[in-house]
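Please keep the sequence and the structure in view while reading.

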Amino acid sequence: MSRSSSDKQRHSLKMAVARVIDLIGAGNLAETVTRVNATMLSRYIAPHEDDRHAGIDVVLDLELAAGDPAVTRTLAALQGYDLVKAEQHGTGQNLDLDDLQRLHREASEAVSAIMAGIADQTITPAAKKRILNELADLRQAIAAIEAKVEAA
């Protein structure tokens with residue numbers, strides 16, 4: 001069977017699911033918001049479980065609980081799209097503390113990923129992926145603020 005998606009793309013999805021689970025606070029907490037248990041969630045993020053991926057309803061539950069559409073954003077990026085929150089796009093909303101908190105959180109996560117990635121003087125493929133994901137999240141936070149400032 002020939003698949004349109006690559007191994008690397010499917011691995012990116014697994015990493016995004018792992019990120020959302022981490023935001024919730026690990027598999028045992030994440031299982032309380034989905035229809036699947038921690039064992040199955042673990043399989044969804046395991047690199048060696050090539051054919052195990054979270055169902056779209058599970059992804060929705062996880063993203064809503066985490067407050068971060070990391071998997072949806074990854075899906076969009078893998079198809080060449082940027083995910084933009086509807087209320088931030090062209091509404092002219094005022095800049096608020098939520099924007100600043102998101103900017104601070106995303107910047108902190110990016111710095112942490114970079115620090116962890118260079119700790120041993122070599123950036124591994126996994127560290128590279130995490131750094132790039134965190135930088136993408138930071139860019140999105142900045143873009144949301146820029147859009148609000150431009151609309152003001």
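Isoleucine 118 belongs to helix H6, which covers residues 97-118, and with a relative accessible area of 45% this isoleucine is partly exposed. The model is a predicted one, and the mean pLDDT of its protein chain is 85, with 93% of the residues at 70 or more.

**Nonpolar surface patch**

- Together with Ile114 and Ile123, Ile118 forms a nonpolar patch on the surface, and the three residues share about 250 Å² of accessible area.

**Confidence along the chain**

- Confidence is lowest in helix H2 (residues 27-30), where the mean is 72, and highest in helix H5 (residues 70-78), where the mean reaches 91.

**The second largest pocket**

- The volume of the second largest pocket is about 240 Å³, and among the 14 residues that line this pocket, those closest to its centre are Ala54, Ile56, Val59, Val71 and Leu75.
- Helix H1 (7-24), helix H4 (56-66) and helix H5 each contribute at least two residues to the lining of this pocket, and H4 provides the largest share, with four residues.

**Salt bridges**

- Side chains of opposite charge can pair when their charged atoms come close.
- Over the whole structure, a search finds 13 salt bridges.
- Aspartate 7 pairs with arginine 10 in a salt bridge whose closest N and O atoms are 2.4 Å apart, and both residues lie in helix H1, three residues apart, which is about one turn of the helix.
- Glutamate 106 and arginine 19 are both buried.
- Arginine 19 also meets the side chain of aspartate 137 in a salt bridge, at 2.8 Å from N to O, and this pair links distant parts of the chain, with aspartate 137 in helix H7 (residues 125-151) and arginine 19 in helix H1, 118 residues apart.
- Aspartate 137, like arginine 19, is buried.
- A network of salt bridges links Arg19, Asp68, Arg73, Arg105, Glu106, Glu109, Glu134 and Asp137.

- Glutamate 134, one of the residues in the salt-bridge network, has its place in helix H7 and is buried, with a relative accessible area of 5%.
- The C-alpha atom of glutamate 134 is separated by 7.1 Å from that of alanine 113, although the two residues are 21 residues apart along the chain.
- Leucine 132 is also found in helix H7, but this leucine is partly exposed, with a relative accessible area of 48%.
- Between the C-alpha atoms of leucine 132 and alanine 113 the separation is 8.9 Å, and these two residues are 19 residues apart along the chain.

**The loop between H6 and H7**

- Glutamine 121 sits in the loop between H6 and H7, and its phi is near 70°, which is a positive value in a residue other than glycine.
- Glutamine 121 counts as exposed because its relative accessibility is 73%, and the cut-off for that term is over 50%.

Conventions:
Residues are numbered from 1 along each chain as its sequence is written. This is a predicted model: local features need pLDDT of at least 70, side-chain atom pairs count only at pLDDT 80 or more; totals for chains, interfaces and linings use all residues. Side-chain values use heavy atoms; hydrogens and water are left out. Patches are made of residues with over 30% relative accessible area and no salt bridge: like charges are joined within 9 Å, nonpolar side chains (Val, Leu, Ile, Met, Phe, Trp, Tyr) within 5 Å. Accessible areas come from the Shrake-Rupley method with a 1.4 Å probe; for residues, only the protein chains shown count as cover. A salt bridge is a side-chain nitrogen of Lys or Arg within 4 Å of a carboxyl oxygen of Asp or Glu. Buried means under 20% relative accessible area, exposed over 50%, partly exposed in between (1.4 Å probe, protein chains only). pLDDT is the predictor's confidence in each residue, from 0 to 100. On a 1 Å grid over the protein atoms alone, a cavity is a set of points where a 1.4 Å probe fits but cannot get out, and a pocket is an open set with protein on both sides within 12 Å along at least five of seven lines; lining residues have an atom within 4 Å of a point. Grid points are joined across faces, edges and corners, and a volume is the space filled by probe spheres set on the points.
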